[in-house]
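Thank you all for coming; I would like to walk you slowly through a structure that may be new to you. Please have a look at it on the screen first, and then we will go through it together.

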Amino acid sequence: MRLKFILYMLMALPLLWSCENDDDIEEIFASGTWYVVDFYSKANWNKRNGEPKYNTMAHNKDKDIATEGRKALEVIQNFSITFKADGTFEGNIQNGFIGGKWEADGNERTVNIRFTQTPSSTNYNNEFINALNNAVFYQGDSNVLLLAPDDKRTYVQLSHKP
């Protein structure tokens, strides 16, 4: 009888661990310096992974566009942000630096980013700053991070440079 009880308890352990739905916020956000991949629209946030009919559109896609699009990617893909474990962040954007405070909820997968330092305004800077200011939800892991506003119809994709 005692052996059966022990076996049942051992079998139940994986079930207890699998109920953990919280993300490891520090592992995701504070995993190094993040760089912009691109900004996306027409997003279907809940069907992003593996959906064959997913038609998300990159704002600055690199293929079949004039030189202007490639120039945009060259600029925005150098934008960086480093989320620190102490709840602060710093980063680089066109002609300047950004800084502020951040917090995230791993259970609700929400994020709040507040700026304390921003540089002069440019179209590229404004798009990134607005994406961060308006970010409410996140998806991702320590390799790819997506930040979306409340309507989840657009997002900015970040990744670590190799």
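When I speak of a contact, I mean heavy atoms within 4.5 Å. What you see here is a predicted model, so please keep that in mind throughout.

Let me begin with F128, which, leaving aside its neighbours within four places in sequence, is in contact with V36, F39, F79, S80, I81, I93, I98 and L158. F128 is also, together with F29 and L147, among the residues with the most contacts inside the largest nonpolar core, a core that has 30 residues. Helix 4 supplies the largest share of this core, namely 5 residues. Apart from it lies another core, of 7 residues, which includes Y40, W45, L146 and A148.

Turning now to the strands, strand 1 is joined to strand 9 by 5 bridges, the two running antiparallel, and here D38 stands opposite Q157 in strand 9. Strand 1 also pairs with strand 3, residues 80-83, again in the antiparallel sense and over 3 bridges, with W34 standing opposite I81 in strand 3.

Finally, which residues lie nearest the centre of the largest pocket? They are F39, E127, N130, A131 and T154, out of the 12 residues that line the pocket. Two or more lining residues come from each of strand 1 (33-41), helix 4 (123-134) and strand 9 (155-159), and helix 4 gives the most, with 4 residues. The space in this pocket is about 150 Å³, and its lining has 7 nonpolar, 4 polar and 1 charged residues.

Note on methods: Residues are numbered from 1 along each chain as its sequence is written. This is a predicted model: local features need pLDDT of at least 70, side-chain atom pairs count only at pLDDT 80 or more; totals for chains, interfaces and linings use all residues. Side-chain values use heavy atoms; hydrogens and water are left out. On a 1 Å grid over the protein atoms alone, a cavity is a set of points where a 1.4 Å probe fits but cannot get out, and a pocket is an open set with protein on both sides within 12 Å along at least five of seven lines; lining residues have an atom within 4 Å of a point. Grid points are joined across faces, edges and corners, and a volume is the space filled by probe spheres set on the points. Ala, Val, Leu, Ile, Met, Phe, Trp, Tyr, Cys and Pro count as nonpolar, Asp, Glu, Lys and Arg as charged, and the others, Gly among them, as polar. A nonpolar core is a set of buried Ala, Val, Leu, Ile, Met, Phe, Trp, Tyr and Cys residues joined through side-chain atoms within 4.5 Å. Buried means under 20% relative accessible area, exposed over 50%, partly exposed in between (1.4 Å probe, protein chains only). Two strands pair if DSSP finds at least two bridges between them.
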